[in-house]
Amino acid sequence: MVKWWKQSVFYEIYMPSFKDGNGDGMGDFAGIIAKLDYLTALGIDGLWLTPFYPSPKIDNGYDISDYYNIDPGYGTMKDFESFIQEAHKRDIRLIVDLVLNHTSSEHQWFQDSKSSKNHPKRDWYIWRDEPNNWESFFGGSAWEYDKASDQYYYHAFAKEQVDLNWANPQVKKAMFEVMKFWLEKGVDGFRLDVINFLKVNDSYKDNPYDAEKNEQNHLFDKDQEGIFPIISEIAEFVHQYPDKFLVGEVGSEDLDILKQYSGNNKLDVVFNFNIGSLGEFDADKLFQQLVDTDQAYDHAQIPTLFFSSHDMSRHISRFGGGEDRAKLVATLMLTAKGVPFIYYGDEIGMKDWITDDITKMKDVQGLLAYEFGIQSNQSHEQALAVANDKSRDKSRTPMVWNSHPNVGFSTTLPWITIPTSAYKINVENQQNIPDSMLSFYKNLLKIRKRHSSLKSGHYDLLRIEEEMLYFVRKDSIEKILVVLNFSEHPKSLDVAAFFASDVKMLLSSKRTKLESGNLVTILANEAMILKEDVGDDSVKKRLCSNL
């Protein structure tokens, strides 16, 4: 039996920014509950929620101060329980973000650890008399001096995000108890934040410097020896509970590293940044990553497909080209081989926000970049440009529900700026408009649900020719051809080369006709999906009646 998550489409909700249900300017569980019918109509199968635990929000929730409660800004435990019940009632599964790597510096564990060198929890974190040269991934030293104990503690990210010492069995036991708590609350799995950072090299050697890239090579502070036994233990523990799903965020674009973390006795999938974080609209690069991933992964592994998230620019802004390109990317994400993750707002074409006022910036990564820039004698304008580049605020603005004040997100000013341009791009304006971005996503998701080859078929063909990327996915029931024209010019493709019998047009991002001789004219920046049935006549009739 095929595991449910292999055929699912997930939708990422950035907790503060999806929908405010109590009028305080911040998204919450009451708001999400109010929009579950919208998500059902969209056609997604699962939700991924970013952290909702109590937190000082130095890194917007990825600095957790209590693993067993709900942040008051998002509601109560009763609200969470109501939410998960309502989601499951609609056959929507739920995976939640969990940070096993570090806690907030305000967590009681760390407060105990720093209280004395002799405290039983001192070794729950990583302390040293002298720092080495390891750098934080947010910039600056990864070591923070504690005057009271005259030692330094390690933080791979912000100084308020203190790394746990997973070499200590008590730490592992405590974090397994956390997972047990939420599994028994009914969550369907976890997205494990920066999971390849759980181990550091206990020799604490200095990291080498990469002169060519002008940056430190993080050789000894991630992907360390001993990480995979821990990953296997986590997987074994979580999979004791039926039908649970584990997604790993592995901080790498290196496919040779990524593929080591998923498969049998490991995580179910990892985020494929080698595909998802491409910085430009380039068919050749994208094709090569698809091919490399398919060749590198074994039968027990499946890639993920995403092009936007809370940590990166929205793909409609990053790739340019407006809605045509965005529809092309959406088609690839929802028809290629892999588990797709839609980022909230991408289904209506929400765009990045770039601020001209550093006081409006919320993201710690951008703020630290600005601070380092000023300290390095950059001008305000130069430092702000770097801060905007580093900042993740760009893709975290409120979901745009309508053109009313505060875009229907809240009855009061939201926690983060609403871009002036956002009011034109909203859900209300796109409902029931056949050629809107929202309608295109809905049609794509309907087609995916109806066609088994798009959910679990293998690549019968994966090819690129002159900026036209196309592939055939096939299973025992049918085969489907997906054609993606990345060029600025119309192109043609002889469909007879792929299909022995008549074909059906399932979807096109523009008005396109099948021409005589099965020659299809593919317009610039267009996505098309064509289908041919295989198998016995009864199967053919059933599939055709569902179109």
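Predicted model: local features only at pLDDT ≥ 70, side-chain atom pairs only at ≥ 80, totals over all residues.

Reader: What makes β5-β7-β6 an open sheet of three strands, and how do the strands pair?
Author: The order is β5-β7-β6, with antiparallel pairing. The edge strands are β5 (127-128) and β6 (143-146), and each pairs on one side only. Two strands pair if DSSP finds at least two bridges between them. Four bridges join β6 to β7 (residues 151-154), so the pair meets the rule of at least two.

Reader: How many helices and strands does the chain have, and what counts as one?
Author: The chain has 17 helices and 22 strands. Both are DSSP runs, numbered from the N terminus: helices are H or I with at least four residues, strands are E with at least two.

Reader: Which strands form the open sheet of eight, and in what order?
Author: The order is β13-β12-β9-β3-β2-β1-β15-β14, and the pairing is parallel. At the edges are β13 (269-270) and β14 (304-305), each pairing on one side only. In general, strands of a sheet pair through backbone hydrogen bonds, either parallel or antiparallel.

Reader: How do you know that β3 pairs with β2 and with β9?
Author: Count the bridges. Four join β2 (residues 46-49) to β3, running parallel. Three join β3 to β9, also parallel. Leucine 94 in β3 is the bridge partner of leucine 47. Leucine 192 in β9 is the bridge partner of leucine 98.

Reader: And what joins β12 to β13?
Author: Two bridges join β12 (residues 245-248) to β13, and the strands run parallel. Glycine 248 stands opposite valine 270 in β13.

Reader: Why is a β-α-β unit called right-handed, and which elements make one here?
Author: Point the strands away from the viewer; the crossover is right-handed if the path from the first strand over the helix to the second runs clockwise. Here β2, helix α3 (residues 77-89) and β3 make a right-handed unit.

Reader: Why is histidine 315 called buried?
Author: Its relative accessible area is 4%. Buried means under 20%, exposed over 50%, and partly exposed in between (1.4 Å probe, protein chains only). Histidine 315 therefore counts as buried. It sits in helix α10 (residues 315-318). Its contacts (heavy atoms within 4.5 Å) include Phe307, Asp346 and Tyr441, leaving aside neighbours within four places in sequence.

Reader: What about glutamate 177: which class does its accessible area give?
Author: The value is 37%, so glutamate 177 is partly exposed. Glutamate 177 belongs to helix α5 (residues 169-185).

Reader: What puts asparagine 265 and asparagine 432 in their class?
Author: Asparagine 265 has 63% relative accessibility, so it counts as exposed. Asparagine 432 has 72%, so it counts as exposed too. Asparagine 265 lies in the loop between α7 (255-258) and β13. Asparagine 432 lies in the loop between α14 (427-430) and α15 (437-450). Asparagine 265 has a positive phi of about 65° although it is not a glycine. Asparagine 432 also has a positive phi of about 65°.

Reader: How do you know that lysine 199 has no salt bridge?
Author: Lysine 199 is buried, and the nearest side chain of opposite charge, aspartate 202, is 6.5 Å away. A salt bridge needs a side-chain nitrogen of Lys or Arg within 4 Å of a carboxyl oxygen of Asp or Glu. For charge, Lys and Arg count as positive and Asp and Glu as negative, while His and the chain ends are not counted. Lysine 199 is in the loop between β9 (189-192) and β10 (209-210).

Reader: What makes the chain agree with a compact globule?
Author: With 547 residues, such a globule would have a radius of gyration near 24 Å; the chain has 24 Å, so the two agree. The radius is taken over C-alpha atoms, and the rule is 2.2 Å times the number of residues to the power 0.38. Of the 547 residues, 59% count as buried.

Conventions. Residues numbered from 1 in each chain as written. Heavy atoms only, no water.
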